[in-house]
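Let's take a friendly walk through a protein model. Have the sequence and the 3D view ready as you read.

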Amino acid sequence: MDNRNLNVSHLAWCGLVALQNARNDGQVSSPAQENLFLVRWLALAEKQRRFHREFAEDIRWLLKTGRNKGVHADLPGKLNYLWRAGSGSLKEQNDLFRLQHALQAVKLTGWVYRVLSVSEWSGRNRVRLNPCVSGMYLNKAALDNGFDETGTQRSPLPVRITGNLAGLDELLKQSGWRREPVAGDDAQLHHLLASQM
């Protein structure tokens, strides 16, 4: 783990502690109040330059997300993710967490990532994928049933993929996942499988 991961983890930890203190003091009691509190906390941290300047972009991104999406930004969830990802070795996390890490990395590289309902996955309402757009499209039913209560994968996850497979394979590998094509007529169909890191 490098120093950047430790520092991002520290930023996230500080935000989570501040939020928990606000909850304990009765200042925050709803998701909307949590979002408002964290937006104000991040804005003050940015204004006072509480964290190293290499995190200015991260703070701006969190602020923009919180302001634009409101309660749907899930700032507590994002901070929790950053804290967990940066505070320990990724290989020590469960399969589901490592998949979330991989999907977050995929989104950060500009890929489209969607979870498709049963009707969007197959049948006449199936979503038509543009092969020119890099994207990953997971089957919601398989995702819901693909992990046990400890976050361990129990069945292969079907996914349709468009885009640069070599680049995607490298991102998946870093998170302890791999992709395998599924034999058949659908060239975009693959399985995601947790692997040993």
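## A pocket and its lining

Keep in mind that this is a predicted model. What kinds of residues line its second largest pocket? The lining holds five nonpolar residues, one polar residue and five charged ones. You can find them in the 3D view: Ala45, Glu46, Arg49, Arg50, Phe51, His52, Arg53, Phe55, Ala56, Ile59 and Arg60. Two elements, helix H2 (31-48) and helix H3 (56-69), each give two or more residues to this lining.

Which element gives the largest share of the lining of this pocket? That is H3, with three residues. As for the space inside the second largest pocket, it comes to about 150 Å³.

## Charged pairs

Now let's turn to charges. Side chains of opposite charge can pair when their charged atoms come close. How many salt bridges does a search of the whole structure find? The search finds nine.

Start with Arg23 and Glu34, whose side chains form a salt bridge with an N to O distance of 2.8 Å. This pair links distant parts of the chain, since Arg23 sits in helix H1 (residues 3-24) and Glu34 in helix H2, eleven residues apart. Are the two partners buried or exposed? Arg23 has 31% relative accessibility, so it counts as partly exposed. Glu34 counts as buried because its relative accessibility is 17%, and the cut-off for buried is under 20%.

Another salt bridge joins Arg114 and Glu120, with their closest N and O atoms 3.0 Å apart. Here Arg114 is partly exposed at 33% relative accessibility, and Glu120 is partly exposed at 23%.

Arg178 and Glu180 make a salt bridge too, and their closest N and O atoms lie 3.3 Å apart. The relative accessible area is 36% for Arg178, which is partly exposed, and 35% for Glu180, also partly exposed. There is a network to find as well: Arg126, Arg160 and Asp186 are joined into one by salt bridges that share partners.

## A closer look at helix H5

Helix H5 covers residues 95-108 and has 14 residues. Why does its length make sense? At 1.5 Å a residue, the helix should span 20 Å, and its end C-alpha atoms are 20 Å apart, so the two values agree.

Which residues of H5 are buried? They are Asp95, Phe97, Arg98, Leu99, Ala102, Leu103, Ala105 and Val106. As you look at them, remember a handy rule: an α-helix has 3.6 residues a turn, so residues three or four places apart point the same way.

The two ends of H5 are worth a visit too. At its start, a side-chain oxygen of Asn94 comes to within 3.2 Å of the backbone nitrogen of Leu96. Just after the helix, Gly110 takes a positive phi of about 100 degrees.

## A buried threonine in a strand

Our last stop is Thr162, which belongs to strand S3 (residues 157-162). Is Thr162 buried or exposed? Its relative accessible area is 3%, so Thr162 is buried.

Note on methods:
Residues numbered from 1 in each chain as written. Predicted model: local features only at pLDDT ≥ 70, side-chain atom pairs only at ≥ 80, totals over all residues. Heavy atoms only, no water. 1 Å grid on protein atoms, 1.4 Å probe; cavity = no way out; pocket = protein on both sides within 12 Å on 5 of 7 lines; lining within 4 Å. Points joined across faces, edges and corners; volume = space filled by probe spheres on them. Helix = DSSP H or I, 4+ residues; strand = E, 2+ residues; numbered from the N terminus. Nonpolar A, V, L, I, M, F, W, Y, C, P; charged D, E, K, R; others polar. Salt bridge = Lys/Arg side-chain N within 4 Å of Asp/Glu carboxyl O. Buried < 20%, exposed > 50% of the residue type's maximum accessible area, 1.4 Å probe, protein only. Expected span 1.5 Å × (residues − 1). Polar contact = N/O pair within 3.5 Å; in protein donor to acceptor, adjacent residues only side chain to side chain.
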